[in-house]
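Colleague: Can we go through this model together? I'd like the overall picture, then some residues.

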Amino acid sequence: MNFQLNWTRIKYNYNFFNDLIAIYRIRRIIEDPTSGVVHLHSTKAGLLGRLAAINLKKKVVYHIHGLAFGQGQPAIRSTIVWVLEYLL
């Protein structure tokens with residue numbers, strides 16, 4: 001079985017401009033016709049990667065390793081992330 005692993009760095013903090021750049025970079029990677037599966041980890045990578053994969057007809061596998069909403073998180077952040085998770 002042959003496969004190629006491509007990845008990009010995503011900054012931890014939420015910053016609209018940096019996140020748009022990350023979505024663009026992820027999309028460039030997964031637009032490649034040889035890319036068959038998009039495998040994502042963590043809440044932020046899951047959100048950005050799924051946004052980048054919209055309309056690309058790629059299989060997306062998303063593993064959550066800790067929720068960015070709920071107990072111990074700021075209410076506004078929890079609400080925004082929960083809504084985005086629900087929509088995607």
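**Confidence and layout**

Modeller: The protein chain has a mean pLDDT of 81, and 89% of its residues reach 70 or more. pLDDT is the predictor's confidence in each residue, from 0 to 100. This is a predicted model, so local features need pLDDT of at least 70 and side-chain atom pairs count only at pLDDT 80 or more, while totals for chains, interfaces and linings use all residues. Residues are numbered from 1 along each chain as its sequence is written, and side-chain values use heavy atoms, with hydrogens and water left out.

Colleague: Which elements have the lowest and highest mean pLDDT?

Modeller: Helix H3 (residues 75-87) has the lowest, at 80. Helix H1 (residues 16-30) has the highest, at 90.

Colleague: How many helices and strands are there?

Modeller: Three helices and two strands. From the N terminus they run α-β-α-β-α. Helices (H or I, at least four residues) and strands (E, at least two) are DSSP runs, numbered from the N terminus.

Colleague: What share of the residues counts as buried?

Modeller: 27% of the 88 residues. Buried means under 20% relative accessible area, exposed over 50%, and partly exposed in between (1.4 Å probe, protein chains only).

Colleague: Which residues make up the largest nonpolar core?

Modeller: There are 10: Ala22, Ile23, Ile26, Ile30, Val38, Leu40, Leu48, Ala52, Ala53 and Leu56. H1 gives the largest share, four residues. A nonpolar core here is a set of buried Ala, Val, Leu, Ile, Met, Phe, Trp, Tyr and Cys residues joined through side-chain atoms within 4.5 Å. In soluble globular proteins, nonpolar side chains tend to be buried together.

Colleague: What does Ala22 touch, beyond its neighbours within four places in sequence?

Modeller: Ile10 and Leu48. Contact means heavy atoms within 4.5 Å.

Colleague: Which side chain makes a polar contact with Lys44?

Modeller: That of Asp19, at 2.8 Å. A polar contact is a pair of N or O atoms within 3.5 Å; within protein, one must be able to donate a hydrogen and the other to accept it, and residues adjacent in sequence count only if both atoms are side-chain atoms.

Colleague: And where does Asp19 lie?

Modeller: In helix H1. Asp19 counts as buried because its relative accessibility is 12%. Setting aside neighbours within four places in sequence, Asp19 is in contact with Asn13, Tyr14, Lys44 and Leu48.

Colleague: Last one, H3. Which of its residues are buried?

Modeller: Ser78, Val81 and Glu85. They cover an arc of only 75° around the axis, so they sit on the same side of H3. The arc is that of the directions from the helix axis to the C-beta atoms.

Colleague: What do those buried residues pack against?

Modeller: H2 and strand S2 (59-63). The face of H3 turned away from its buried side carries the exposed residues Ala75, Ile76, Tyr86 and Leu87.
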